[in-house]
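Hello,

Here is the structure I promised to pass on. Please have it open while you read my notes.

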Amino acid sequence: MKPEAVLTPELHPGALMRIGQEVGSWSFTLKLGLLLLSAIVFMAVFAPWVAPFDPELQDFDVILVPPNLTHLFGTDNLGRDIFSRVIYGARLDLSAGFIMTYVPMVYGVLIGAYAGYRGGWVDAVVGSITNMAIAFPFLVMIIVVVAVIGPGINAIYISVFLLAWTMYARLSRAEMMVERAKDYMLAAKVLGYPTRIIVLRHGLPNTIGSSVVFSTSDFILNILLLSGLSFIGLGIQPPTPEWGAMIADGKEFILQAWWICTMPGFAVVLTGTALSLIGDGLARRLGTRQGSAG
Amino acid sequence: MLVVRYVIARVLHTLPVLLGVTLFTFLAIQFVPGDPIRIMTRGHVSDAEVAAIYDRLGMNRPLAVQYGSFIAKAATGDLGESIIQHAPVAELVGEKVAPTLWLLGIGTFFSILLALPLALLSAAWPDSLFDHTVRTASMVGFAMPPFWIGLLLILGFGLQLGWVPISGYGDDVLGHVTHLILPGLTIAFFLAPILIQSLRASLLDALDADHIEVARARGVPEWRIYFKHALRNALLPTLTVLSVNISWLVSGAVVVESVFALPGLGSLLIRSVGYRDYPLIQGLALIFALIVVAVNLTADLCYGIVDRRVLRVAA
């Protein structure tokens, strides 16, 4: 082995080695969270192969059957296999949760970073909008939009896209205001880089951390939001398998068949816990990196 | 004098939120596809009657004028008239305010009762088994859908054990309180995790501060440092977390009301969406915003009382 490879591995950035180092530095919570989430995503993506039954197949010979080896989570009042429905539900809840989180994050972070760097009237406008939106009764506003364009995923997307960016703008703006006074940012400015490059290439990588960490909590909140809206009948409409809607289906049968509404809830809790673990791990990972650099 | 200026400044800060919420609702309703009156009446009325309703509601005036007149009327407590129920919105909403406020109050009380001791013990022995258990539990608790918690509580305490009523609101104060135990606990279970995490983190921060080191060097007993020096500084960020989450809490209340069939603002909102009763929806959105703003204001004022430095900065 060449000595310089041992002394300065960073100078010979073999891709595999760097990935190995990165993964090695992850905390246990981050690894566990990623493992759990990948398992859930895998089941969602390969649902047709993983699920033992068709999620919408009604079998009137097996109505309200408690959990057993054929029907792991039991069956509902129409004889549908709940385990299969939970797996198919993951497709909808995960993809909708992802869109509700990361679409607003993209422009929220950009707006916040630009406002924080520019200052002046742009900052004043963005600052007051984000301050105001904190006190917005979020669900009530979504319900207003649902009242206008009717129940379903589109109303939820529209209202979330209109409102949810403010949290990211707030975080990113606050970080950028600290960052813009630092030497490297001033240096970039003195060197004559355009604002676009300074904000995107120099500022953003150092300010995006808190937004990334927050996005894992936001992901959970969005899944809870979607399932909550479906539960009260304003979100995903039956018979489409969605966790919240399934819990609502089971509400009437709670005395005879506890498994209909409990099982989809466990899916939400498991997904949320995985995301929480990832968020916790990321917070530590980014925290230490920032700590050692500054 | 400082206090008066602080209070005035805070009250003025609430105005943009109220304007924002009403403007959002107002504009959203303008986007109703087709003719809102025809949708609401489901095509059962003639053109002349539709025109008369437009005239009566002043809906043929310019948007800015309509919004201005809505705000001016709302300021005097007139929120218009429900199209379906033919009664003043303010009256319909007023009947439903009490259950929601009770729910929020009892829910917050239970949350603090649950979160405070757990966070205190957790931060007193960081990285102990107890701390890890509390942190894991609050992580899992954060991911639990409130309506699901509600159903589990109904299943366990209401149906299996039969200890408490599972739906409705009761007839007298005692009835209200017993009917609100499970809904309140539901709110506590989804609010407490957030409180525990933030209170624990701010306690650890507070324990790290220089004045704690000084107090230790002076020989102040450890329990006194913990409760007097650290806890007081840690409560403030928690108060902020509580007030930031109030809008989330109010959202949770809408869903929780529907689980327990509580006749509150949330149930009314869900029903009025079904009927597309837009004046009522508009009024409800405003009331929800008022609740959120009022709680935030109270938290801000408490903040000012606990930490007088805030007065000088804000005013």
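The contact takes 37 residues from chain A and 41 from chain B. Residues are in contact if their C-beta atoms, placed from the backbone, lie within 7 Å. This is a predicted model: local features need pLDDT of at least 70, side-chain atom pairs count only at pLDDT 80 or more, and totals for chains, interfaces and linings use all residues. Residues are numbered from 1 along each chain as its sequence is written, while chains are lettered from A and ligands numbered from 1 in the order in which they are written.

On chain A's side, α7(A) gives the largest share, 10 residues. Helices (H or I, at least four residues) are DSSP runs, numbered from the N terminus. By class, that side has 27 nonpolar, nine polar and one charged residues. Nonpolar means Ala, Val, Leu, Ile, Met, Phe, Trp, Tyr, Cys and Pro; charged means Asp, Glu, Lys and Arg; the others, Gly among them, are polar.

Now chain B. Helix α5(B) covers residues 89-124. Its 36 residues should span 52 Å, and its end C-alpha atoms are 51 Å apart, which agrees. The expected span is 1.5 Å times one less than the number of residues. α5(B) bends by about 35 degrees at B:Lys96. The bend is the angle between axes fitted to the seven residues ending there and the seven starting there. A proline, B:Pro99, follows within four residues.

Best wishes

Notes:
Contact = placed C-beta atoms within 7 Å. Helix = DSSP H or I, 4+ residues; strand = E, 2+ residues; numbered from the N terminus.
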